[in-house]
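The reader may wish to keep the sequence and the coordinates in view throughout.

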Amino acid sequence: MKILSIQSSVAYGHVGNSAAVFPLQRLGHEVWPVLTVHFSNHTGYGAWRGPMLAAADVAEVIEGIADRGALGGADAVLSGYQGDPAMGAVILDAVAKVKAVNPAALYCCDPVMGDAGRGMFVRPGIPEYLRDTVVPRADIITPNHFELDFLAGRTTNSLAEVLDAVDVVRATGPRHVLVTSVLHGDLPPDSLEVVAVSDEGAWAVTTPLLPINPNGGGDVTAALYLAHLWTTRSPAIALERTIASVYAVLEATVAAGTREIQLIAAQDVIADPPARFTARRLR
């Protein structure tokens, strides 16, 4: 698989492309990382250094890849945090160029906006831009539970309500939806779910709740789900493999007592996901 990944980058730690590229490469895929920022570290530390790249400069890099005649060889475009509509427009233009040459190519969008407990953490207007302009153009989206509720315009407290909300969002365009960090009243204590929905059906994986909320976990999840979905053509298998790898990485992070996710130390569970979680069919 060849993936054009347009995301942020950090020198220290693992978020954005610095979280997505290595797992994809470890699975044997070719990745063309295009950077939207190049910071010293992720912004969760409260202080960082480095440049935010102009949308025009990012567009130039993508155009340079097109000059090599390579864009038509891309099987997918992957994007994460979009801090400005101008950057979003560059990403959507890249998606259009790839699909014009390869209509079978997929666009996987992680619609980063906020999460439960923190609320929205992007600039005003970005959530609406993602909902109204970006998400309808995506083939795959990977929102967390909080972001799904915003995209669907409702609050969901049960698994049935989550599935209804996914149906509302899928009606706008994306065929595949992976919802992470799903919490609802039917769950056992100290657990959460990840839900995958497609034209083929809906599945869920339940995992124990780990005492960690790291930066970069969503970036890894989106990348792995895209890769496994493309490879297996099965949302259920892609869900199982993705969650097995991400959970093992987070377990290693807890054991190491570090703030940054342990992608390198736990790379074997990325390359060969353990058969640990079974997806149960919801419909």
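**A guided reading of the model**

Ser181 counts as partly exposed, because its relative accessibility is 41%. The model in which this value was computed is a predicted one. Ser181 belongs to strand 8, which covers residues 176–182. Its backbone deserves attention: the phi angle of Ser181 is near 55 degrees, a positive value in a residue other than glycine.

Whereas Ser181 is found in a strand, Arg233 is placed in the loop between helix 7 (217–232) and helix 8 (235–256). Arg233 is classed as exposed because its relative accessible area, 58%, is over the 50% cut-off.

Strand 1 spans residues 2–10 and strand 2 spans residues 30–39; the two pair in the parallel sense over 8 bridges. Within this pairing, Val10 stands opposite Phe39 of strand 2. What do strand 1, helix 1 and strand 2 make together? With helix 1 at residues 17–26, they make a β-α-β unit, and this unit is right-handed.

The charged side chains may be considered next. The structure holds 12 salt bridges, and several of them can be followed here. In one, Arg131 and Asp132 meet through their side chains, at 2.8 Å from N to O. Asp132 has a relative accessible area of 48% and is therefore partly exposed; Arg131, with 29%, is also partly exposed.

Some of the salt bridges share partners, and in this way Glu63, Asp93 and Lys97 are joined into one network. Asp93 and Lys97 form a salt bridge in which the closest N and O atoms are 3.2 Å apart. Both of these residues lie in helix 3 (residues 85–101), where a separation of 4 residues places them about one turn of the helix apart. Glu63, by contrast, lies in helix 2, which runs over residues 55–67. How far apart are Glu63 and Lys97 in sequence and in space? The separation is 34 residues in sequence and 9.8 Å in space, taken from C-alpha to C-alpha. As for accessibility, Asp93 is partly exposed at 40%, Lys97 is partly exposed at 30%, and Glu63 is partly exposed at 32%.

A further salt bridge links Arg118 with Asp115, their side chains meeting at 3.8 Å from N to O. Are the two partners buried or exposed? Arg118 counts as exposed because its relative accessibility is 53%, whereas Asp115 is buried because its relative accessible area, 16%, is under the 20% cut-off.

How many cavities of 30 Å³ or more are counted? The count comes to 1 cavity, and about 40 Å³ of space lies in the largest cavity. Gly217, Val220, Val246, Val249, Leu250, Ile261 and Leu263 line the largest cavity. The elements that contribute two or more residues to this lining are helix 7 and helix 8. Helix 8 gives the most, with 3 residues. The composition of this lining, by class, is 6 nonpolar residues, 1 polar residue and no charged residues.

Technical notes
Residues numbered from 1 in each chain as written. Predicted model: local features only at pLDDT ≥ 70, side-chain atom pairs only at ≥ 80, totals over all residues. Heavy atoms only, no water. Pairing = 2+ DSSP bridges. Right-handed = clockwise from strand over helix to strand, strands pointing away. Salt bridge = Lys/Arg side-chain N within 4 Å of Asp/Glu carboxyl O. Buried < 20%, exposed > 50% of the residue type's maximum accessible area, 1.4 Å probe, protein only. 1 Å grid on protein atoms, 1.4 Å probe; cavity = no way out; pocket = protein on both sides within 12 Å on 5 of 7 lines; lining within 4 Å. Points joined across faces, edges and corners; volume = space filled by probe spheres on them. Nonpolar A, V, L, I, M, F, W, Y, C, P; charged D, E, K, R; others polar.
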